[in-house]
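Subject: A structure for you to explore

Hi there,

Here is the structure I promised to pass on. Have a look at it first, and then read my notes below with the model open beside you.

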Amino acid sequence: MNKLDEIKEASKQGLTFCFAGVGSAFAKKNDQTSLIIAKDGTTILVDIGTTIPQAMTRRGIKLTDFDYYHITHSHADHIGGLEELLLTYRYFLKQKPNFIITSAYQDILWEKSLKGGCEYNEAGLLRFSDLMTPCRPEWFKSQPREIYQIEVAGIHLQIFRTIHIPGHVTQWDQAFWSTGLVVDRRVLFSADTRFDPQMFEDMDTSSIETIFHDCQLFGPGTVHASYEELKTLPKALRKKIWLTHYGDNYDQFVPEKDGFQGFTKAWELFTWPETAKK
Ligand SMILES: [Zn+2]
Ligand SMILES: [Zn+2]
């Protein structure tokens with residue numbers, strides 16, 4: 001049984017998360033942050049950074065083993081392994097992977113990142129739609145910030161805009177495309193964001209059980225939330241937070257002492273049993 005089979009088995013008990021990597025873009029001790037979501041045997045891979053193909057291989061997992069894929073934003077620590085995934089599907093499997101992607105981000109991802117390596121491989125020019133099958137989240141109207149939602153195989157996803165880049169921007173609608181996730185209305189994954197207290201209000205985290213938040217271990221938090229900034233959150237919120245996307249100097253910190261759950265470890269399983277719901 002490889003690690004993915006173990007994750008699928010655990011997901012029969014309920015929604016399951018397992019991070020293939022928990023590191024920052026520059027981390028060397030950990031692979032870059034990448035999340036496997038599973039429920040009842042169905043899997044979604046969220047982000048495929050540069051180090052993720054090898055991280056998967058070390059665990060006997062193929063990049064193509066997942067039912068769905070989702071990308072939070074276009075930094076290489078989130079998309080560096082994506083070309084390999086798309087070309088493996090096309091030329092070895094002769095299939096198209098299922099991508100949970102809005103049409104707005106589909107254009108950005110293709111035009112600004114993927115086109116260079118993916119467009120010129122055959123006699124005719126390839127388009128993104130030749131390389132993947134989009135599963136379209138719908139815009140969730142009348143929300144304080146831009147949110148899309150979709151349900152795939154019983155997994156409910158809310159995709160919400162975050163404030164990540166550029167560093168001086170303070171409002172989500174001025175930021176370049178970056179998104180986080182709320183899964184089954186129970187678990188929030190911030191992906192990459194600056195410190196954004198309004199996000200916790202907009203996404204109503206009072207009713208969310210667990211939060212995985214990116215964390216920069218040095219200050220100031222220009223494009224990520226810094227550890228010191230996250231420490232200023234109310235105690236009740238910190239108690240729900242597992243830190244992800246952290247640098248190699250993590251052994252200088254004891255997040256449990258500061259009221260957090262701790263540093264998320266790669267390949268650790270988190271399961272939220274169905275019975276505990278409501
Ligand atoms: Zn990142
Ligand atoms: Zn980023």
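Let me start with a definition: a residue is called buried if 20 or more other C-beta atoms lie within 10 Å of its own, exposed if 12 or fewer do, and partly exposed in between, with C-beta atoms placed from the backbone. Helices (H or I, at least four residues) and strands (E, at least two) are DSSP runs, numbered from the N terminus.

Please keep in mind that this is a predicted model: local features need pLDDT of at least 70, side-chain atom pairs count only at pLDDT 80 or more, and totals for chains, interfaces and linings use all residues. Residues are numbered from 1 along each chain as its sequence is written, while chains are lettered from A and ligands numbered from 1 in the order in which they are written.

**Helix α4**

The buried residues of helix α4 are Leu82, Leu85 and Leu86. Seen down the axis of α4, these buried residues fall within an arc of 95°, so they line one face of the helix; the arc is that of the directions from the helix axis to the C-beta atoms. On the face turned away from the buried side you will find the exposed residues Tyr91 and Phe92. The buried residues of α4 pack against α3 (76-79), α5 (103-118) and α6 (128-131), where a contact requires the C-beta atoms of two residues, placed from the backbone, to lie within 7 Å.

The twelve residues of α4 (residues 82-93) should span 16 Å at 1.5 Å a residue, and its end C-alpha atoms are 15 Å apart, which agrees. The expected span is 1.5 Å times one less than the number of residues. Just after α4, Lys94 takes a positive phi of about 55°.

**The whole chain**

Now zoom out. The chain has nine helices and 15 strands. Its radius of gyration is 18 Å, close to the 19 Å that the globule rule gives for 278 residues, so the chain is as compact as a globular protein of that length. That radius is taken over C-alpha atoms, and the globule rule is 2.2 Å times the number of residues to the power 0.38. Along its principal axes, the C-alpha trace spans about 60 × 45 × 40 Å. Of the 278 residues, 44% count as buried. Among contacts between residues at least 6 apart in sequence, 58% join residues at least 24 apart.

**The cores**

Which residues touch the most other members of the largest nonpolar core? Of its 68 residues, they are Ile36, Ile37, Ile44 and Val183. A nonpolar core here is a set of buried Ala, Val, Leu, Ile, Met, Phe, Trp, Tyr and Cys residues joined through C-beta atoms within 7 Å. Strand β1 (residues 14-21) gives the largest share of this core, five residues. Apart from this core lies another one of five residues, among them Ile163, Trp172, Ala175 and Val223. Leaving aside neighbours within four places in sequence, Ile36 is in contact with Ile7, Cys18, Ala20, Thr43 and Leu45.

**The sheet**

An open sheet of eight strands has the order β7-β8-β9-β10-β11-β12-β13-β14, with mixed pairing. Strands β7 (138-139) and β14 stand at the edges, each with a single partner strand, so one side of each is left without a neighbour in the sheet. Two strands pair if DSSP finds at least two bridges between them. Five bridges join β9 to β10, and these two run antiparallel. The bridge partner of Arg161 in β10 is Thr179.

**Some spots in the loops**

The loop between β9 (155-161) and β10 (179-183) holds Pro166, and the peptide bond from Ile165 to Pro166 is cis, with omega near -10°. Another cis peptide bond joins Gly219 and Pro220, with omega about -10°.

Is His245 buried or exposed? His245 is buried, with 28 other C-beta atoms within 10 Å. Its phi is near 55°, a positive value in a residue other than glycine. Asp204 has a positive phi too, near 45°, but counts as exposed, with 12 C-beta neighbours inside 10 Å.

Finally, visit Thr33, in the loop between β1 and β2 (34-39). Thr33 is buried, with 30 other C-beta atoms within 10 Å, and its contacts beyond four places in sequence include Asp214, Thr244 and His245.

Enjoy exploring!
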